[in-house]
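Please examine the sequence and the structure shown below. The paragraphs that follow lead through its sheets, its hairpins and a number of individual residues.

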Amino acid sequence: MPLLMPAVIVVLPLTTLAQDDVTGEPTSLGPPTEITVSPRGTVRMHVADMPLSTVLHLLSLEGQRNIIASPNVKGTVTANLYDVTFDDALQAILVSNGAGYRVAGNFVYVYTNKELADIAAAQARRPITRVYWLNYVSAIDANSYLASLLDEDETISVPPAPAVGLKSDAEAGGGFANAAQDFLIVTARPKVHDQIKGVLAEIDVRPRQVLIEATILRAELTDDNALGIDFTLVGGVDLELLGATSRGITDITLGNLPQDRFEQFNATAVTDFAGDVPGGGLTIGIIKDNVAIFLRALEEVTNTTVLANPKVLALNKHKGQVIVGRRDGFMTTTFTETQAIQTVEYLETGTQLIFRPFIGDDGFVRVELHPEDSVGFVNAQGLPSEQTTEVTTNVIVRDGETILIGGLFREVTTDARSQIPGLGNIPGIGALFRSNADSTSREEVIILLTIHVVTDRDAYAAASREQFEDVERLRVGMRQGLMWHGRERIAQAQYHKALNALSAGDRGKALWHLNMALHNNAWCIPAIKLKEAMLGERAWDEDGTGGRAFLHRLIAQKRGYVLPPFGRPEPQPDSADRPQTPDEVQDKDSDS
């Protein structure tokens with residue numbers, strides 16, 4: 001309970017003299033003066049024409065306050081105050097004399113108004129240091145924005161810039177790089193700090209995001225027609241004497257010419273136009289007497305459609321990239337005057353989308369775009385080859401709209417004709433001396449882009465969760481399509497039976513199904529966890545090593561953990577089988 005001091009009453013007689021603040025001559029204090037300070041800290045004051053320095057002196061004594069007045073503070077006080085706070089009383093007697101006060105720690109400093117203004121101006125000109133933590137804008141960018149607000153003797157310090165890009169090198173792990181949140185250390189005057197605080201409140205805000213969905217459609221149609229006629233005409237030779245062999249009647253291979261026929265006149269005429277026709281299609285062969293005719297015709301129609309639909313979410317003004325494809329490596333050699341340097345480069349093919357969005361406040365988005373769909377390979381000599389369809393553009397699109405940013409239609413028609421000069425042009429029978437190959441190739445590429453500015457993050461999070469659920473359904477459906485007699489499928493079936501048995505309250509049957517599941521798949525983690533929960537213990541087996549849990553044991557000893565690693569129980573060998581310690585053996589001998 002606080003000790004309450006009795007009220008102090010100071011009564012000065014009429015003959016009491018004091019020194020005048022202006023002339024320095026002794027002067028009378030006038031009528032009796034009373035200044036009291038109650039236990040609650042309230043002040044009662046009755047003074048008339050009392051020097052200000054005397055009033056401050058009495059208030060300091062009665063209120064037990066450390067009051068220090070400037071030599072320039074002068075004046076007289078005439079006041080009747082009833083139960084006011086100490087601060088109000090001090091303010092009342094000072095304001096009427098053109099003065100004021102400042103509190104610093106346990107001291108009350110009294111100054112004239114001009115002195116207070118000079119102090120405030122001096123403090124306003126004195127630089128102070130503050131730390132500003134940044135959330136979204138980088139320290140380097142913020143420094144460039146705020147530098148124009150500083151005077152010559154004011155400074156901004158920024159931390160080192162973070163690493164740019166994502167690398168898989170182990171050496172690029174960060175080292176001693178700053179791991180804290182980005183910040184600024186500013187040494188400036190209070191007025192400048194207020195300006196900096198206002199600017200950062202405007203620029204250090206959460207950036208907006210865009211969701212870009214690209215549809216790349218490539219359709220190819222190839223139509224090939226080929227027709228060729230071969231004939232063989234043999235004169236002076238009986239085909240039966242040649243021992244000719246043939247694959248049916250689609251081709252003919254003549255044997256050796258009999259020696260007894262060389263002295264006679266022999267002649268042959270052969271064309272090879274059917275060789276221009278690719279394999280397949282229709283082949284007709286006719287062999288009669290000395291003439292063999294083969295006709296081959298083929299029509300091929302190929303229709304190929306490639307559809308890619310990548311989606312990616314990116315921050316405003318930040319590069320986004322998605323690649324779905326393959327990477328083929330090839331060697332490159334750089335020759336210098338002294339050596340040849342070989343490096344490995346990669347050919348990236350597939351579906352790629354590279355973009356950078358710029359979101360406006362008017363509902364439009366400017367986007368730098370580069371969609372690409374390509375195929376390629378590296379040949380046996382290590383030379384890359386690529387066939388690509390790509391567009392690089394810079395467009396403005398309204399939020400949520402779909403635009404066509406690239407369209408390509410290309411058609412190539414080829415009419416190839418091989419013939420014997422002159423004979424192939426004869427009407428009618430000219431077809432026997434020529435072959436024709438016609439081909440038409442059409443390719444069409446359509447690239448569509450839909451751009452969404454992400455405003456409702458909860459809605460997109462819900463959509464992402466739904467997509468995740470659909471992928472999980474697809475995964476489960478694919479696994480259920482596996483053969484039922486596989487070990488993993490049997491383990492899954494036994495685990496489900498264990499859940500059903502446990503729901504029905506049959507713990508023994510549930511444990512049996514769990515053991516069957518683990519017998520078929522010892523890696524079935526859900527079955528292991530369920531068995532541990534049912535038995536209230538963990539299955540374990542020592543691995544015969546002392547180093548695997550070495551650190552865990554040291555930490556457990558230091559922090560007072562009583563359980564062994566992984567929640568395993570301490571081994572408790574039976575007392576009859578446990579080896580006796582030397583102390584126990586000595587105690588037993590002494591008892592006997």
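Two strands are said to pair if DSSP finds at least two bridges between them. Helices (H or I, at least four residues) and strands (E, at least two) are DSSP runs, numbered from the N terminus. The model is a predicted one, in which local features need pLDDT of at least 70 and side-chain atom pairs count only at pLDDT 80 or more, while totals for chains, interfaces and linings use all residues. Residues are numbered from 1 along each chain as its sequence is written, and side-chain values use heavy atoms, with hydrogens and water left out.

Strand β9 (residues 107–112) runs antiparallel to β8, and six bridges join the two. One of the positions concerned is A99, whose bridge partner in β9 is T112.

Three strands form it in the order β10-β12-β11, and here the pairing is antiparallel. The edge strands, β10 (128–133) and β11 (155–157), each pair on one side only. Neighbouring strands of this sheet are turned against each other by 20° on average, direction ignored. Between β11 and strand β12 (residues 183–188), the antiparallel pairing extends over three bridges, and T155 stands opposite T187 in β12. Two helices accompany the sheet. Helix α4 (residues 139–146) lies across β11 and β12 and runs at about 30° to β12. Helix α5 (residues 190–203) packs on the sheet, where it touches β10 and β12, and its direction makes about 10° with that of β10.

Strand β19 (residues 340–359) and strand β20 (residues 364–378) pair in the antiparallel sense over 10 bridges, with R356 standing opposite E368 in β20. The hairpin of β19 and β20 has four residues between the strands, and G363 in this hairpin takes a positive phi near 90°. Strand β20 is also joined by seven bridges to strand β21 (residues 384–390), again in an antiparallel arrangement; E372 stands opposite E390 in β21. These two strands, β20 and β21, form a hairpin with five residues between them, and G382 in the turn has a positive phi of about 80°. Finally, six bridges join β20 to strand β22 (residues 393–398), with the strands running antiparallel, and the bridge partner of F364 in β22 is R398.

Positive phi values also occur at residues other than glycine. D49, in strand β5 (residues 42–51), is not a glycine and yet has a positive phi of about 50°. Q64 lies in the loop between α1 (52–63) and β6, and its phi is near 55°, again a positive value in a residue other than glycine. Are these two side chains buried or exposed? Burial is judged by relative accessible area (buried means under 20%, exposed over 50%, partly exposed in between, with a 1.4 Å probe and protein chains only). D49 counts as exposed because its relative accessibility is 56%, and Q64 is exposed with a relative accessible area of 67%.

Q494, in helix α7 (residues 487–503), counts as buried at 12% relative accessibility. Which residues does Q494 contact when its neighbours within four places in sequence are left aside? They are W512, H513, M516 and A517.

L423 is located in the loop between β23 (402–419) and β24 (434–454). At 35% relative accessibility, L423 counts as partly exposed.

Conventions:
Axes fitted to C-alpha atoms, helices over the stretch in contact; angles between N-to-C directions. Contact = heavy atoms within 4.5 Å.
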